[in-house]
Amino acid sequence: MAGPRAPSDPPLAPRAGIGLKAAHVREVVAARPDLGFFEVHTENYMGDGGPAHHSLEAVRRDYALSLHGVALSLGGADPLDGEHLRATRRLVDRYQPALVSEHLAWSGAGGVYANDLLPLPLTEEALDLVCAHVDRVQEALGRAILVENPSSYLRFTHSTLAEPEFLAALAARTGCGLLLDVNNVHVSAANLGFDPVAYIDAFPAAAVGEIHLAGHHVNEFRGRQILIDDHGSAVGAPVWNLFRRALARTGPVPALVEWDTDVPPLAVLLDEAAKAETILAEARRACAA
Amino acid sequence: MPALPDLQHSFMAALRGGAEDAVLAAIAGDGIPAAERLAIHRNNMVLTLTDSLAGVFPAVRGLVGADFFAACAAAFIAAHPPRSGTLIRYGDRFAPFLDRSGMAAPVPCLSDLARLEWAWHQAFHAADAAPLAPADLGAIDPGDLPALVLRPHPSARLLSSPWPVDAVWAAGLAGDAFDGTVDLDAGGVDLLVVRPALEVEVRRLDPAAAALLAACAAGRPLAEAAATAGTGLDLAAALAGLLAAGAFAPFHPTNQEHLP
Amino acid sequence: MKANTLKSTLPAVMVASAVAMAVAAAGTPAKAADKEKCYGVVKAGKNDCATANSSCAGTSKADGQKDAFIALPKGVCEKLVGGSLKPMKKG
């Protein structure tokens, strides 16, 4: 294969960024807060024109951008949606993002789209399928992408690979990078009963091109907790700790604070980004030492 | 162990209310029943798609309330789930569904309200274009005007309703804050929905002006479109209104197809 | 092309004079002066990768699928008056 470009091209400084929310655009453009980058959900810009593109162009003039797709269904047994892929390519060409990412998940079957990141059995069969899809996406986009570890609510009994092992094989076989979502690690570990620290320690650190941080919701079910990845609150202490643990292995990488539900004022997101920036600075010092 | 395509088909069927047994057999319980784990995904599909529809149809929701809207949305999602991952295209069949399902029967103008909101949503995401400037029309040789084809602006949508659906729309957007009444017997309206710049605008047209724009949109030359619009048409007033609203697309600088 | 149909058109002179009047009356459309500052109506994106936090609110399959009759809030009938008769088709 032609050899995709490096996952971050142009290179993105290992700084903190935030998700761009419609309610914050005006303030962002006026105040230009000091941030490493903004991330948007690719599908929200698949319209032809209008205020969404107008806003994104204004933000892109001042900031690096990360395009984070949620609907490509890399793990779907259905063929990839060619029109969706072409629309993604048009956005990549137009906005020249530093990062393009997607999820280790599937989103529908038989042509019906569930609007959810659905879980895959971690098998050789699934690995072959996801590798083939990532190859096709990277070829269509002319660049490498990052693939994100999912937040899990269930596990299939016939899975034969651990998730870090699955993602390491995916990165090795396709040349893709990985997006390590440490909130997803925390949520999945609680829901499936594994050790999140062991997961971080087993993760293929060299392939990590970005880290995600977010808040989650804690529910009780008959005396047991179920964590829901709702991106609706501040990043929790255990997730910050996983972030530190991950950075010790990856070195400083771009880190994003996601907040998609009950979106607070911009200042709250900037505070979260500042916390991430402080931890990144510690990691930079540790690296230099 | 089910093959991946089979597993995903059963999983989707289960998310949509079908049999769960095959999927549940493949899910580890680990202290929380497999059915409860699967339910998270089933609920998430309906909840997030309902949210998406609520974003497109805020006035429908504001008018009938969150619970009734959620019931309509759930029935719609079951009957017409998304066929693409791009949710800004999801909801085009909501208005006809409200008619066909009978869910909107207690509020007969509800499906036209949904049509207006879908037109607004389409205009919001339509291709950008500066509307036809009156001066550009004025620069056309008068001899060419009868055969001139005026194209509607890419964002322009026409909606005709037997109800004052723009007033219903305003009431729905205000939600609980609306304390007036809308008289449904006040008569029907022809509405132009258009986004000449960044703001979507909804305006009433007189029926002849709406007919003129519809005939232009169908590709009829101006003299023919004007005749089609009927005897009630004041062509000068209708054109002035449509030009001021930004209802027409600009002439393509190099393509002369608007000219005879 | 339809045969035997004489298309009705407005006389050229009427079209030309109407256009001249319309162009004069329409003037210059309101210019998008503040275009750079204005980002239009704030409308949230539809796609994201968050899970709805009430997704595990203990709803069972039966609850989700129940075809329950949901009553319209009374307020609707107070906001909308008239229209009890089937509307006349316009035109």
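The contact between chain A and chain C takes 26 residues from chain A and 17 residues from chain C. On the chain A side, helix 1 (25-31), helix 2 (51-62), strand 10 (217-221) and strand 11 (224-228) are the elements that give two or more residues. By class, this side of chain A comprises 10 nonpolar, 11 polar and 5 charged residues. The model described here is a predicted one.

Chain C is also in contact with chain B, where 58 residues of chain B meet 50 residues of chain C. At least two residues each are supplied to this side of chain B by helix 3 (34-56), helix 4 (58-64), helix 5 (66-79), helix 8 (134-138), helix 9 (165-174), strand 2 (182-183), helix 11 (222-228) and helix 12 (235-245) of chain B. The most is given by helix 3 of chain B, with 10 residues. The side of chain B that touches chain C has 40 nonpolar, 12 polar and 6 charged residues. Strand pairing also links these two chains: strand 2 of chain B pairs with strand 1 (residues 80-81) of chain C in the parallel sense, over 2 bridges. Within strand 1 of chain C, C:Leu80 is the residue that stands opposite B:Val182.

Within chain A, 8 strands close into a barrel in the order 1-2-3-4-7-8-9-12, and their pairing is parallel. From one strand to the next, the twist averages 30°. Strand 1 (residues 16-19) and strand 2 (residues 37-41) of chain A run parallel and are joined by 3 bridges. A:Gly17 has A:Phe37, in strand 2 of chain A, as its bridge partner. Helix 9 (residues 266-288) of chain A lies across strand 1, strand 9 (208-214) and strand 12 (255-258) of chain A, and runs at about 150° to strand 1 of chain A.

Helix 9 of chain A also packs with helix 8 (residues 237-250) of chain A; the two axes come within 10 Å and cross at roughly 25°. This angle makes helix 8 of chain A roughly parallel to helix 9 of chain A. Their crossing is right-handed. Helix 8 of chain A contributes A:Trp240, A:Phe243, A:Arg244 and A:Leu247 to the contact, and helix 9 of chain A contributes A:Ile279, A:Leu280 and A:Ala283. Of the residues in this contact, 6 are nonpolar, none is polar and 1 is charged.

The crossing of helix 3 and helix 4 of chain A is right-handed. A:Leu85, A:Thr88, A:Arg89 and A:Val92 of helix 3 make the contact with A:Val137, A:Ala140 and A:Leu141 of helix 4. These residues divide into 5 nonpolar, 1 polar and 1 charged.

Chain A further contains a hairpin of strand 5 and strand 6, with 2 residues between the strands, in which A:Gly110 takes a positive phi near 60°. Strand 5 (residues 106-109) and strand 6 of chain A run antiparallel and are joined by 3 bridges. A:Trp106 stands opposite A:Leu118 in strand 6 of chain A. Strand 6 (residues 112-118) of chain A is largely enclosed by the rest of the structure, because 6 of its 7 residues are buried.

In chain B, 3 strands form an open sheet in the order 1-3-4, with antiparallel pairing. Strand 1 (157-161) and strand 4 (201-205) of chain B stand at the edges with a single partner strand each, so one side of each is left without a neighbour in the sheet. The twist in this sheet averages 25° from one strand to the next. Strand 3 (residues 189-194) and strand 4 of chain B pair in the antiparallel sense over 5 bridges. B:Leu205, in strand 4 of chain B, is the bridge partner of B:Asp190. Helix 10 (residues 207-217) of chain B lies across strand 1, strand 3 and strand 4 of chain B, at about 140° to strand 1 of chain B.

The loop between helix 9 and strand 2 of chain B holds B:Asp179. With 10 other C-beta atoms within 10 Å, B:Asp179 is exposed. B:Asp179 and B:His125 are 54 residues apart in sequence and 32 Å apart in space, C-alpha to C-alpha.

Technical notes: Residues numbered from 1 in each chain as written. Chains lettered and ligands numbered in written order. Predicted model: local features only at pLDDT ≥ 70, side-chain atom pairs only at ≥ 80, totals over all residues. Contact = placed C-beta atoms within 7 Å. Helix = DSSP H or I, 4+ residues; strand = E, 2+ residues; numbered from the N terminus. Nonpolar A, V, L, I, M, F, W, Y, C, P; charged D, E, K, R; others polar. Pairing = 2+ DSSP bridges. Axes fitted to C-alpha atoms, helices over the stretch in contact; angles between N-to-C directions. Buried ≥ 20, exposed ≤ 12 C-beta atoms within 10 Å, placed from the backbone. Left-handed = near helix turned anticlockwise from the far one by under 90°. Parallel < 35°, antiparallel > 145°, perpendicular 65-115°, else oblique.
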